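Please keep the sequence at hand while reading.

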Amino acid sequence: MSNAPEVVATGIQFAEGPVWCPASAGRPASLVCTAVASGAVERIDLETGVMSRLADLGGGANAALLASDGGFLVTQNGGIDFTRTGLYADPPPYSPVTPGLQRIAPDGAVTYFSDASSDDGPYLAPNDLVAAADGTLWFTDPPQHPPPPEPLGRVHKMTPDGTTSLVARGFAYCNGIALEADGTPVVIEAQGLLRLAPDGTRSWIAEQISPTGNAGDGLCIDVDGRFYVAATADHGIRVLDPDGNEVDFLEIPEPGVTTNCCFGGDDLRTLFATDGVPGQVLAWEGMPTAGLPLHPWPAPVAAG
């Protein structure tokens, strides 16, 4: 597949974490994404391209997941000092906050849901998240960016009652996370892609995602088990088969930094991607294979 993507929205300060939101309760379908450098979450009207601020979270709102109540759960990395990245001639201001998981209620109210693992202390810089069919939340917790030389990254899981536990540690930089059809977590780590077993052991799908040696960021999976990896500096989406062999590269014209991707549309055949730089959302319509449906995070029901 070689067609160029359509630009859906622009002007997002380091776009990340795209979320397809089906039409519900009188609200038309939309795409939500994070703006890491703004510490915010934005909603995009796909008919008009008009963007509206859904919530201000501060720090570095990194990835988002649709909740069962129509709100969202967001990984808050604590904030990135973009003066250290070389990505901006005029870097956005650095305004750090406590790393953790933040909840956006349906009315836009923001609260911290968790800022520490039940068995391993405060989070480092939560990055990406995904929910399983049984409501278990999986999320990556790499060190602050840029990462130190020692491997400090962790992967946690949270049960529906809010108990968070460590699954594995010692990652160089665990980044995007997704679940295969059987519920197996797949994690982008360093320059590769690996499967993570419940006991924390890991096996490489591909030790190098890109032939250029560049790393991946976020990812999504289609119904045939192929992985769609946001290939940062390669500026596009690398498509790998379940064995880790590249079968396609969806290139984005002009230079940029691709951060994440998700499937959407009524038939899940539109692939959306976020570009941190230049700060935009793009879409490939009519993908040959539908995306694997995602499970919402089971938001707790308020007492009374």
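## An open sheet

Four strands, in the order β20-β21-β22-β23, form an open sheet with antiparallel pairing, where strands are DSSP runs (E, at least two residues) numbered from the N terminus and two strands pair if DSSP finds at least two bridges between them. The edge strands, each pairing on one side only, are β20 and β23 (246-251). Neighbouring strands of this sheet are turned by 20° against each other on average, direction ignored, with axes being lines fitted to C-alpha atoms.

β20 pairs with β21 (residues 227-230) in the antiparallel sense over three bridges, and Leu219 has Val229 as its bridge partner in β21.

## Basis of the model

The model is predicted, with local features needing pLDDT of at least 70 and side-chain atom pairs counting only at pLDDT 80 or more, while totals for chains, interfaces and linings use all residues. Residues are numbered from 1 along each chain as its sequence is written, and side-chain values use heavy atoms, leaving out hydrogens and water.

## The largest pocket

A pocket here is an open set of points on a 1 Å grid over the protein atoms alone, where a 1.4 Å probe fits, with protein on both sides within 12 Å along at least five of seven lines; lining residues have an atom within 4 Å of a point. The largest pocket has a volume of about 840 Å³, the volume being the space filled by probe spheres set on the points, which are joined across faces, edges and corners. Of its 49 lining residues, Val19, Trp20, Cys21, Leu66 and Leu294 are the closest to its centre.

The largest share of this lining, five residues, comes from β2.

Conventions:
Axes fitted to C-alpha atoms, helices over the stretch in contact; angles between N-to-C directions.
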